[in-house]
Amino acid sequence: MDILRSRRRLITLCHGLTGLMTAVWGAGLPALDARLDLGPAAIGVMLLVVASFALLAMRAAGRFSGSAGRMLAAALPCAGGALLLAGIAPSLPVLLLAAGMFGLGCGATNIALSTQAMAVETAMGRPVIARMHGFWTLGAAGGGLLLAAALHAGLDSRLAISGGAGLLVTASALVGMRLRGLPTASGAAPASALVPSVDGDTGDAGAAPLRPGHLVALGMVGAAAFLTEGAATDWAGLHTTRILGADPATGSLVYGVFFAAMTVMRFGGDALRRRLGPLRTVRLTSGLAAIGYAAVLTAGLVPDRPVAVIVAVSGWALAGAGTALIWPIVIGTLAERGETAQKLSVVTMISYGGGLLGPALIGFLAAATSLPVAMLLPAGLAVLLAITAPPVIRCCRGIRSTSSSTPLTTAVPQQQ
């Protein structure tokens, strides 16, 4: 059990470091845009490069889920090194190279983190994944606010981004060494103990393995959630600067507010999930996301610019709280049913694919029309989540039969 706790702490720390890297990338985009005069089309191309390389890495990483610890130890420093290059990039081609490296690192990291986190939750026999993701959003919020403060104080964006990235490379390399040094963990608890049935449906660890169609449906729910989240990661700051006329430091602040709201919701998410059950929780949170995006769209119509910024910040906060628990509930469904790590990687790839491709699509839509029009995409998906996510989760949790698959607990082991 001590080994399991050590692994949980290290995986939680890895979530925090990944959040910090996301913050350096997302909160730094307004400064990169201003320094290199990128524009929506170039930003869209850059985000598409990130998405493409991340999906390639996910496809490869899904086949090596048993080596998730070693994969994580290599992928995190790779992503940090790419950020360092992005921070000092003198031109768009160099920035695109850094974007490709960042995508590779993020893709492998996402698969490794999801595999390890769900294995730890299943082995512990109680929900812990929302809290792990809470540290991810804590890192994202804290990193965004720190970067905003540095830029607001007049620090050169190249020094702020590359300096932060250098510290992250060092920290992730040290954590990776600790993770690989852990011996095998054992002592899994029954997955069925994770979430009590309080909303009329029953998650069953002895259920039949989910079919491909069910995996795709779960993946699409995750993809919609990640796209609405990715819209904030990559476009909240740019929407604030380009549409509402705020300065880059304020744009970075909006990014930080979004992830601060996500952090608060995720730290309370495990208790909320146990109290309300996954279906009521997903109904509540997806509804908040839809209201938040409605406020963001309304902000562009407010003539008073300071008031418009306040409305937008409030909307991004609600959207952050609303999207915070969708992904933990999706993969929590897989853990409750005792699904394999390979199936988790399929759902993860579909979900993160939507989150990675979506912001690039928003960029192309913004270039062809306008950014406010492009933001209708994540707003519509937030509404769609509120309608479709509960029945998809209910269906996947309610399929019962004899299980013949190897549960996710097998992903905790192996000398990492």
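This is a predicted model: local features need pLDDT of at least 70, side-chain atom pairs count only at pLDDT 80 or more; totals for chains, interfaces and linings use all residues.
Is Arg158 buried, exposed or partly exposed, and at what relative accessibility? I looked this up to start with: Arg158 comes out as partly exposed, at 39% relative accessibility.

**Entry on Arg158 and its partner.** I checked what Arg158 pairs with and found a salt bridge to Asp156, with the closest N and O atoms 3.1 Å apart. I looked up Asp156 too, and it counts as partly exposed at 36% relative accessibility.

**Entry on the salt bridge search.** I went through the whole structure and got 2 salt bridges. One of them joins Arg242 and Asp33, where the closest N and O atoms sit 3.1 Å apart. I then asked where the two residues are: Arg242 is in helix H7 (residues 212-242) and Asp33 is in helix H1 (residues 2-36), so this pair ties together parts that are 209 residues apart in sequence.

**Entry on the surface.** I looked for nonpolar side chains on the outside and wrote down a patch made of Val45, Leu48, Leu357 and Phe364. Together they have about 290 Å² of accessible area. Which helices supply the patch? I found that helix H2 (39-61) and helix H12 (341-368) each give at least two residues to it.

Technical notes: Residues are numbered from 1 along each chain as its sequence is written. Side-chain values use heavy atoms; hydrogens and water are left out. A salt bridge is a side-chain nitrogen of Lys or Arg within 4 Å of a carboxyl oxygen of Asp or Glu. Helices (H or I, at least four residues) and strands (E, at least two) are DSSP runs, numbered from the N terminus. Buried means under 20% relative accessible area, exposed over 50%, partly exposed in between (1.4 Å probe, protein chains only). Patches are made of residues with over 30% relative accessible area and no salt bridge: like charges are joined within 9 Å, nonpolar side chains (Val, Leu, Ile, Met, Phe, Trp, Tyr) within 5 Å. Accessible areas come from the Shrake-Rupley method with a 1.4 Å probe; for residues, only the protein chains shown count as cover.
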